[in-house]
Amino acid sequence: MGNAVHVVLPSSVLTVEPPGLSRLLKAYQILRYTSIFGVEKAVFFKDFSTSERDHGTARAFIEKVWNYYKTPPYLRRKLIPIDRDLRGVGILPPLRLESFHVSKRPYTGQVRPALVKRSADGCFADIGVGEDFAVEGECREGVRQVRVVDPVKKVVELTETKLYTGPETAFKNSLREVLEEYAGKSFLLATDRRGRVPSLVTDAKRMSGKKVVVLLGSPSHDLFEMSVAEGFNLRMFVDDVWNTIPGQKVVTVRTEEALIITLGIVNMLLASTT
């Protein structure tokens with residue numbers, strides 16, 4: 001997507017699932033679907049029916065699972081400790097971010113994620129090829145983007161080149177807190193089956209050049225119900241309300257299903273303006 005796109009959804013999308021594989025799958029699906037479309041940030045908020053404890057549980061779980069998948073596969077053993085919450089990650093498909101899809105043989109100019117570490121002998125980077133490369137110039141420890149300077153002499157340098165590594169995460173205490181942060185600075189798009197069907201012609205122009213923020217409801221409460229429970233009118237904050245699944249033939253649509261369908265439509269509309 002050319003525009004920055006953020007998604008906003010309640011943390012209860014996780015806590016309604018029992019601990020184990022089903023909860024892990026839900027966290028993975030949200031990360032996978034947002035990453036497909038290059039979403040810049042995913043914001044999880046506590047809805048009125050979710051306790052502080054459950055919101056905190058969801059936050060810890062999302063951060064743990066997403067950190068695992070957003071770590072390059074060749075660095076996970078060094079960076080991710082064994083954790084019972086991560087049992088089952090091997091069953092799910094790999095995230096396969098473009099930034100992780102690097103060749104086994106590095107070449108001059110290649111940019112790839114690496115684990116940079118300082119030792120008594122100097123500064124080195126693990127770039128996932130079985131042996132460390134020397135870091136030329138500035139040395140900043142941690143997972144960094146490096147550029148291969150010389151694959152034969154095994155030399156790299158830090159680079160400011162931005163590689164997409166999945167959406168950033170943020171956690172908020174209410175829907176209203178999220179809306180107040182974005183209002184007036186973004187195109188705020190709520191999703192609801194009572195909304196209107198988006199238009200390829202008019203809506204593409206309205207969103208062009210703006211940060212688009214997609215808001216989704218929870219498995220048990222829609223955005224209008226949440227706003228009423230918090231004591232405000234949703235339409236006073238959002239720019240539009242869309243029904244992105246007109247004519248649905250099921251009683252309810254899961255949040256993650258609405259997420260990927262809506263992002264697909266937003267992606268198409270934004271692409272039509274470039």
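Predicted model: local features only at pLDDT ≥ 70, side-chain atom pairs only at ≥ 80, totals over all residues.
What do the buried residues of α3 pack against?

**View 1. The whole chain, for orientation.** Along its principal axes, the C-alpha trace spans about 60 × 45 × 35 Å. Of the 274 residues, 47% are buried. Looking at contacts with a separation of 6 or more, 71% come from residues 24 or more positions apart.

**View 2. Helix α3 and its buried side.** Back to the opening question: the buried residues of α3 pack against α1, α2, β2, α4 (76-79) and β8 (168-172). The residues in question are His55, Ala58, Phe61, Ile62, Val65, Trp66, Tyr68 and Tyr69. They cover an arc of only 160 degrees around the axis, which puts them on the same side of α3. Glu52 and Arg53 sit on the other side of the helix, and they are exposed.

**View 3. Helix α2 and what covers it.** Helix α2 takes in residues 21-36, and its 16 residues should span 22 Å at 1.5 Å a residue; the end C-alpha atoms are 22 Å apart, so the two agree. Its buried residues are Arg23, Leu24, Lys26, Ala27, Tyr28, Gln29, Ile30, Leu31, Tyr33, Thr34 and Ser35. Among the elements covering them are β1 (5-10), α1 (12-15), β2 (41-45), α3 (52-69) and α8 (255-271). Just past the end of α2, look for glycine 38, which takes a positive phi of about 65 degrees.

**View 4. The open sheet, strand by strand.** Six strands make up this open sheet, in the order β8-β2-β1-β10-β9-β11, and the pairing is parallel. β8 and β11 (240-242) are the edge strands, each pairing on one side only. From one strand to the next, the twist averages 30 degrees. Over at β11, four bridges tie it to strand β9 (residues 187-196), the two running parallel. Leucine 189 stands opposite aspartate 240 of β11 in this part of the view. Helix α7 (residues 223-230) lies across β1, β2, β9, β10 (212-215) and β11, and it runs at about 110 degrees to β9.

**View 5. Strand β2 and its two neighbours.** How many of the five residues of β2 are buried? Four are, so the strand is largely enclosed by the rest of the structure. Five bridges join β2 to β1, and these strands run parallel. Here valine 8 has valine 43 of β2 as its bridge partner. Five bridges also join β2 to β8, again with the strands running parallel. To find that pairing, look for alanine 42, which stands opposite threonine 169 in β8.

**View 6. The closed barrel.** Now for the other set of strands: five of them form a closed barrel, running β3-β4-β5-β7-β6 with mixed pairing. The twist here averages 50 degrees from one strand to the next. Three bridges connect β5 with strand β7 (residues 155-158), and the two run parallel. At one of the bridges, glutamate 136 is partnered by glutamate 157 in β7.

**View 7. The disulfide.** The chain's count comes to one disulfide, and this close-up shows it. Cysteine 123 is joined to cysteine 139, with an S to S distance of 2.0 Å. The link is right-handed, with 80 degrees about the S-S bond. It ties together distant parts of the chain, 16 residues apart: cysteine 123 belongs to strand β4 (residues 122-126), while cysteine 139 lies in the loop between β5 (133-136) and β6 (142-150). Are these two cysteines buried or exposed? Cysteine 123 is buried, and cysteine 139 is buried as well.

Notes. Residues numbered from 1 in each chain as written. Heavy atoms only, no water. Expected span 1.5 Å × (residues − 1). Buried < 20%, exposed > 50% of the residue type's maximum accessible area, 1.4 Å probe, protein only. Contact = heavy atoms within 4.5 Å. Disulfide = S-S within 2.5 Å. Arc of directions from axis to C-beta. Pairing = 2+ DSSP bridges. Axes fitted to C-alpha atoms, helices over the stretch in contact; angles between N-to-C directions.
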